[in-house]
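Here is a short report on a structure that may be new to you. Please keep the sequence and the 3D view at hand while you read.

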Amino acid sequence: MKIRIKFAKLGYMKFIGHLDTMRYFQKAIRRAGIDIMYSEGFNPHQKMSFAAPLGVGLTSTGEYMDIEVNTTKSSKEMVDRLNEQMVEGMKVISYRKIPDDGKKAMSIVAAADYMISFREGKEPGGINIAAKFEEYLSSDSIIVTKKTKKSEKEVDIKAGIFEGSVIDDKIFLKLASSSADYLKPELVISGFYNFIGGKMPEFALEIERTEVYAEQGEKEFISLEDLGDEIP
Amino acid sequence: MRKLALPDEILLSIDKPERYIGNEVNMVRKNPEDVDIRFAMCFPDVYEIGMSHLGIQILYDMFNRRDDVYCERVYSPWMDLDKVMREKNIPLFSIESQEPIKNFDFLGITLQYEMCYANVLQILDLSGIPLLASERTQEDPIVIGGGPCAYNPEPLADFFDMFYMGEGEKQYYTLLDLYKENKASGGTRLDYLKKAASVPGVYIPAFYDVTYKEDGTIESFKSNTKDAPDKVVKQLITDMSSTDPEAEYNYYPRKPLVPFIKATQDRVVLEIQRGCIRGCRFCQAGMVYRPVRERNVEYLKKLAYDMLKNTGHEEISLSSLSSSDYSQLEELVNYLIDEFHGKGVNISLPSLRIDSFSLDVMSKVQDIKKSSLTFAPEAGSQRLRNVINKGLTEEVILKGASLAFKGGWNRVKLYFMLGIPTENEEDMKGIAELCEKVAEVYYEIPKQERNGKVQITASSSFFIPKPFTPFQWASMCTKEQFLDRAKIVNTRMKEMLNKKSIKYNWHEADVSLIEGLLARGDRKVAKTVLRAYELGCLYDAWSDSFDFSKWQQAIEDTDIDMDFYITRERDIDEILPWDFIDVGVSREFLKREWENAKNELVTPNCRMKCSGCGAARFGGGVCFENKN
């Protein structure tokens, strides 16, 4: 049986890297006594896969992993059992059954939501952020410099920004997030600093991923959670 | 939520910030204001190493059972953070409360290997605690050292307020009670040290005076106050056989800490016994942890179950100096396999003798294709194995290898030492010849039954005489002698028929010399440790950061004669720097064993025959088996 678990990673847990987060959950699942399936062989490992790695330094209220179990109790009981095993900053939000032929979360991720705030003293000064940000997003093209290990290149990221707005001094973004087309929120904001004639300072942003989506039809997004059903 | 000592800007610009933030599963949370005593427990190496240490997990659990104590952890900041903390004047902090170590009542530092001594000074320095105990005031924590290197504390005597000799379970509650009493009655730091000095196992360097003869050896070593005894007696738990978790001294953490980052020991560690019956003459642990005391097998089963459940670890490992000597091993291992194997739990069994039982067990729990067999003959000839009292014979090794090869294994690791007292060229060549014989055993198996080629890896470390071993008087080799011996082995290896199946490597000789100096050093060596730290030595246990030239400089700057500490054979009646400690094993026994070594005589193990080492006076363990 395939299960999709949604969880939050908050506070100082932002310093826990992706692989260590996986290890953390492998152990939490054992502590919670979840009847997870194991691979065969001398070093059996749990059948578990994460939807999308979250960078170190980012918090999230919309992380996902898929697991396979032999048996299960109700969604509510399983969420409670897992939460009894969580450390401060980690919280399991939902535990849902997905169809047996349902695709793995990691293969269907298409978009993600982010809430971004500026650290104190690092916000772009002297401007109306909301108005300027709207102007920035409505440009015909948004050219930013993308740095890779080997080179720098200019790219237009406009197509990857599905939505964007300013809510209470925070910036909301819905960005392309598939493996083929993945846009980092920092890149969008550093482009904004350039747009207003500045340069993004180091450690300027606090970023929280708030949801991860699959695509259903052209630019129609459905959260990974909504692809599963509560187990009564 | 706790506030972290380091801001995001620092945590996001250093390697592995998880080392410094705490919040691990099973971390103990208390309000520091609600306790009387704050104890910072330190392993002076990086987090992943320190978190793998069982002793600290036991004491962390034991101390925190008390409502009046909050025991927290601290490790050496890695070099990247070390630099930032010095630049920005950030004081060293504990993992739990993230508060400065300087605010604690105690800083306890475990001394597991000599090459961590520079890191001890780093810990003090970054904490803002004066490096010299004599310069500390009422405002500073009491700095206390323990662990195996405390059995020769002298090279660190200047830096510690006190040392504790032995197993922490025995006296720490007393030390904590005394501290609380002293604090409540308005006593000073000195008042406390005076009271602590009479607690068995406690050594307070400031209360002892040393005088030296003209030749640099010790003339006298005496207590200078009536509060401190002339002999400090090692403390240990005599009875470990109880099944009752609440029984006195039967401490063991049911909920060990589970780090986020992968620690060196990323598994449940089950300590099955303490001590070793074997009596290998080079092995300090085998002498100072005497007598052997076994834990009750039913208690261990319960512990294994609880710890796996409370940690979620995927692996459990048995811990002891020689697991094969645990009398209930078969029952325990079969229980672990039946109960947990097949439920995604790996079982690892280090320090097992290779015989049909262990091979059978290993074939059940390991992938034979991926695992290798380990033998530790330590010496290349039977003559030299008799000198070190290593019971392993060539016949046993070859029989074990043959059994294993027939069972499908084809990888073998062999561990040796070079520079053992009395070693001659034949003994050295014997290392290569023994490897060759192991390879030949493999090729005696019919081709169709073999699993490809045999791979033999032989490693040599360099022998370092340690305090409280029969070799404590022995001469240690120079760097040139070590390397010449490795060359003799290597040349002989190249002459072997199956040389292509054998890989030979040997340790760095430089680091062995410094370890040798620190292992048998006296108080005069403390200034060398200090100088080395001032010159920038740090993380000397890590080959990438060990800088021999800095140590050489420190040795020169402090007028230390390496020959005096390294190559000089000590006179049998010389007062050794650690002679004021009573570890149970008597000086008479060690002398006898030193003679036996020179005469190539084997001493039977504790279960075969008691050799009267002196440990029986602790009143427990193997010395009293079958004597009820």
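The second largest pocket has a volume of about 1100 Å³. A pocket is an open set of points on a 1 Å grid over the protein atoms alone, with protein on both sides within 12 Å along at least five of seven lines. Grid points are joined across faces, edges and corners, and a volume is the space filled by probe spheres set on the points. In this pocket 34 residues form the lining, and those closest to the centre are A:K184, A:E186, A:L187, A:S190 and A:M200. Lining residues have an atom within 4 Å of a point. At least two lining residues come from each of β6 (143-147), α5 (185-195) and β10 (205-215) of chain A. The largest share, 6 residues, is supplied by α5(A). Helices (H or I, at least four residues) and strands (E, at least two) are DSSP runs, numbered from the N terminus.

This is a predicted model: local features need pLDDT of at least 70, side-chain atom pairs count only at pLDDT 80 or more, and totals for chains, interfaces and linings use all residues. Residues are numbered from 1 along each chain as its sequence is written, chains are lettered from A and ligands numbered from 1 in the order in which they are written, and side-chain values use heavy atoms, with hydrogens and water left out.

A cavity is a set of grid points where a 1.4 Å probe fits but cannot get out. There are 6 cavities of 30 Å³ or more. The largest cavity holds about 160 Å³ of space. Its lining has 16 residues, and B:M51, B:Q57, B:P256, B:R267 and B:V269 lie nearest its centre. Both α4 (54-64) and β10 of chain B supply at least two residues of this lining.

Strand β10(B) also belongs to a sheet. This open sheet has 3 strands in the order β10-β13-β14 (chain B), with parallel pairing. Two strands pair if DSSP finds at least two bridges between them. Which strands stand at the edges? They are β10 (268-271) and β14 (346-348) of chain B; each has a single partner strand, so one side of each is left without a neighbour in the sheet. On average, neighbouring strands are turned by 20° against each other, direction ignored. Strand β13 (residues 315-319) of chain B is joined to β14(B) by 3 bridges. In one pairing, B:I316 has B:I347 in β14(B) as its bridge partner. Helix α10 (residues 297-311) of chain B lies across β10 and β13 of chain B, at about 165° to β10(B). Axes are lines fitted to C-alpha atoms, for helices over the stretch in contact (heavy atoms within 4.5 Å). Angles run from 0 to 180 degrees between N-to-C directions.

Strand β1 (residues 2-9) of chain A is mostly covered, with 7 of its 8 residues buried. Buried means under 20% relative accessible area, exposed over 50%, and partly exposed in between (1.4 Å probe, protein chains only). β1(A) runs antiparallel to strand β4 (residues 90-98) of chain A, with 8 bridges between them. Here A:I3 stands opposite A:K97. β1(A) also runs antiparallel to strand β3 (residues 59-68) of chain A, joined by 7 bridges. There A:K2 is the bridge partner of A:E68.

Now the charged side chains. Side chains of opposite charge can pair when their charged atoms come close. A salt bridge is a side-chain nitrogen of Lys or Arg within 4 Å of a carboxyl oxygen of Asp or Glu. The count is 76 salt bridges over all chains. The table gives examples.

| Pair | Closest N to O |
|---|---|
| B:D266 and B:K262 | 3.5 Å |
| B:R485 and B:E423 | 2.7 Å |

B:R485 and B:E423 are both buried. This pair links distant parts of the chain, 62 residues apart: B:R485 is in helix α16 (residues 479-494) of chain B, B:E423 in the loop between β16 (411-418) and α15 (425-443) of chain B. Salt bridges that share partners join A:D20, A:R23, A:K27, B:K262, B:D266 and B:E314 into one network. Within it, B:D266 is buried at 9% relative accessible area, whereas B:K262 is exposed at 53%. B:K364 and B:D360 are 4 residues apart in helix α12 (residues 356-365) of chain B, so about one helical turn separates them. B:K364 is partly exposed at 39%, and B:D360 is partly exposed at 38%.
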